[in-house]
Amino acid sequence: ITNESGAYALSNLPLGPYRLEAGLPGFRTFVQTGIVLQVNSNPTINIVLQVGQVSEQVEVQANASLVETRSVSVGQVMETARIMELPLNGRNAQELLLLGGGAVQAAPAGGSSFPGRMLIASAGGLGTSMEYTLDGIRHVDPYDGYPLTLPFPDALAEFKTEIGGMSAQQGRAAQVSAVTKSGTNQFHGDLFEFVRNDLFNARSYFATTGSTLKRNQFGGTAGGAVIKNKLFFFGGYQGTTLRQDPAD
């Protein structure tokens, strides 16, 4: 129900495709399909009701990109398909941030509490000037200012990188908003294992000895409904086993 000026807001909606329908006695029903909500997006959809019977419909196909009028920031969304299909070293989804404009790796892996994280600088800022959120909660280690690790690809739905023109709510040079997957009415799950082994690689031309790297990454996900259309569950696990001779 809109207010007296016709404005409305639908907040806290899950990601995914939507169909919007609006009706009022004495007017034709308005229907718009092809609406896709992405992470941290606020599309504006103006509804126009025409005089007519309620049984009549005015249907709009919204196949084109929805216009973002509530924010002037520039952003790029990495959806599930690219997160799952693009090659990632060590299955670290944070590497995909480097595919966006103005993003560079400021330092190698570092941090005390979570070794192996990447420090990425964007929009000309420092490596610690990027704000990370996961499912709407701040996702930065207060100890060193480094981002906490993102979920592994099978558990990550999508994320969005925004630079420039952001509101004071973000307060940093760039913003990374990530969302985890959730359960559905149908039970879904998967199992995986990824292997790197020196037996599969040729020795580098200038190396005196062959590589001894052996890495196994294994796990799975499962999600479904506890109460259909109301309560859902989703969980995932990834384990990593790394074996390698020391340099000396």
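Author: The confidence that the predictor assigns to each residue, on a scale from 0 to 100, is called pLDDT. This is a predicted model, and the mean pLDDT of the protein chain is 84, with 88% of its residues reaching 70 or more. Among the elements of the chain, the lowest mean pLDDT, 73, belongs to strand 5 (residues 103-110), and the highest, 95, to strand 12 (residues 214-227).

Side chains of opposite charge can pair when their charged atoms come close. A search of the whole structure finds five salt bridges, and three of these are described here, beginning with the one in which the side chains of Arg91 and Asp154 meet at 2.4 Å, N to O. Arg91 lies in the loop between helix 1 (80-85) and strand 5, while Asp154 lies in the loop between strand 8 (137-138) and strand 9, so the pair ties together parts that are 63 residues apart in sequence. With buried taken as under 20% relative accessible area, Arg91 is buried at 11%, and Asp154 is likewise buried at 5%.

Another salt bridge joins the side chains of Glu131 and Arg138, at 2.6 Å from N to O. Here Glu131 counts as buried, with 9% relative accessibility, whereas Arg138 is partly exposed, with a relative accessible area of 44%.

In the salt bridge between Asp198 and Lys214, the closest N and O atoms are 3.0 Å apart. This pair links distant parts of the chain, since Asp198 sits in the loop between strand 11 (188-197) and strand 12, and Lys214 sits in strand 12, 16 residues apart. Asp198 counts as buried at 18% relative accessibility, and Lys214 counts as partly exposed at 25%. Strand 12, which holds Lys214, is also the element with the highest mean pLDDT.

Rolling a probe the size of a water molecule over the atoms shows where empty space is left. The structure holds one cavity of 30 Å³ or more, and about 40 Å³ of space lies in the largest cavity. Its lining is formed by Gln76, Met78, Leu96, Leu97, Gly100, Phe159 and Thr161, and the elements that give two or more residues to this lining are strand 4 (74-78) and strand 9 (156-163).

Terms used
Residues are numbered from 1 along each chain as its sequence is written. This is a predicted model: local features need pLDDT of at least 70, side-chain atom pairs count only at pLDDT 80 or more; totals for chains, interfaces and linings use all residues. Side-chain values use heavy atoms; hydrogens and water are left out. On a 1 Å grid over the protein atoms alone, a cavity is a set of points where a 1.4 Å probe fits but cannot get out, and a pocket is an open set with protein on both sides within 12 Å along at least five of seven lines; lining residues have an atom within 4 Å of a point. Grid points are joined across faces, edges and corners, and a volume is the space filled by probe spheres set on the points. Helices (H or I, at least four residues) and strands (E, at least two) are DSSP runs, numbered from the N terminus. A salt bridge is a side-chain nitrogen of Lys or Arg within 4 Å of a carboxyl oxygen of Asp or Glu. Buried means under 20% relative accessible area, exposed over 50%, partly exposed in between (1.4 Å probe, protein chains only).
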